[in-house]
Each structure stands twice: as structure tokens, then as C-alpha cells.
Amino acid sequence: MYTDPIADYLTRIRNAQAAGHKLVSIPASNLKKEITKVLFDQGYIRKYKFVDQKPQGVIKIALKYDKKTKEPAMKEITRISKPGLRKYTKAAEVPNVLNGLGIAILSTPSGVMTGKVAKQMNVGGEILCYIN
């Protein structure tokens, strides 16, 4: 049993990329599904599929790599808000990741979104992770 399912989700993706896998399966939850949709919309993963099974369900993610160098699309994945220390931000203080080259994924009252979209919608929330 793990206590931080989002950290487990990010670690599974990080480990699959380090091993050069094309596909990774992750136990599903609604928050993980929303994070997966954001990663797909931002072009960090090739495609995804939600498989409904009896106890929990699974998210199957096709990882994206550079065709020439075989480098993964996500260079660094960092969990920010943890169960022991939550990190929240106001709309005006949403951080830029690598001066706009990366993304911050936030959980807001309006749903899970990138930091850029949160600034445009003028909503703050919990900073889940940084992707660059």
C-alpha cells in the first residue's frame, strides 16, 4: 500500500521512461485520469486509454520519445505538493517552470489544469507537480 498515489503515478512514468518502455500501466483514479489528459493535451505523452476493471481500473499510457535521440518527452518530473506538506498558490503567484518551457499542473476548484490556464482563468489551487 502506498500513501501518495500521485507520487506513485509520476514515479511509474519516470521509471518506465528510464527503462525505455513504450507503454506503462497505472492503477486509475479520477485525479490520475485528469493529470493524464493534461499531459496528453500538452504533448508529453503519445496517447492513453482508460481500461475499466472490477476493483479499480487501469490507465495505459503510451510514452513519447524523440525520434532521433530517443530522449523522453518529459525530462524531469517533480512532485511538489505532498500529503505531509501541501503547497497552494494564488492565481497571481502561479509559478513559471523553466521560464515557460515546462508546465506546472494544478488542482483547482475548476478542475486539473496547467499553471498557464489557471493564470488565464484567474484561479489558484494546489500545485501537484512540475513537468519539463
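Contact, as I use the word in these entries, means heavy atoms within 4.5 Å. Helices (H or I, at least four residues) and strands (E, at least two) are DSSP runs, which I number from the N terminus.

**Entry 1: the model.** I am working with a predicted model, in which local features need pLDDT of at least 70 and side-chain atom pairs count only at pLDDT 80 or more, while totals for chains, interfaces and linings use all residues. Residues are numbered from 1 along each chain as its sequence is written, and side-chain values use heavy atoms, with hydrogens and water left out.

**Entry 2: helix α1.** I looked up helix α1, which covers residues 5-19. The expected span of a helix is 1.5 Å times one less than its number of residues. For the 15 residues of α1 this gives 21 Å, and the end C-alpha atoms are 21 Å apart, so the two values agree. After α1 comes G20, with a positive phi near 80°.

I then asked which residues of α1 are buried. Buried means under 20% relative accessible area, exposed over 50%, and partly exposed in between (1.4 Å probe, protein chains only). I found I6, D8, Y9, L10, I13, A16 and Q17 to be buried in α1. The buried residues of this helix pack against β1, α2, β3, β4 (77-79) and β8.

**Entry 3: the sheet.** I traced an open sheet of three strands in the order β1-β3-β2, with antiparallel pairing. Two strands pair if DSSP finds at least two bridges between them. Strands β1 (23-27) and β2 (45-51) are at the edges, each with a single partner strand, and therefore one side of each has no neighbour in the sheet. Strand β3 (residues 58-63) pairs with β1 over five bridges in the antiparallel sense. Within β3, I59 stands opposite I26.

Axes are lines fitted to C-alpha atoms, for helices over the stretch in contact, and angles run from 0 to 180 degrees between N-to-C directions. Helix α1 lies across β1 and β3 and runs at about 165° to β1. Helix α2 (residues 30-41) also packs on the sheet, where α2 touches β1, β2 and β3, and its direction makes about 155° with that of β2.

**Entry 4: the cores.** A nonpolar core is a set of buried Ala, Val, Leu, Ile, Met, Phe, Trp, Tyr and Cys residues joined through side-chain atoms within 4.5 Å. In the largest core, of 25 residues, I13, L39, I61, I105 and I131 touch the most other members. Helix α1 gives the most to this core, with five residues. Leaving aside neighbours within four places in sequence, I61 is in contact with residues including Y9, I13, I26 and I45.
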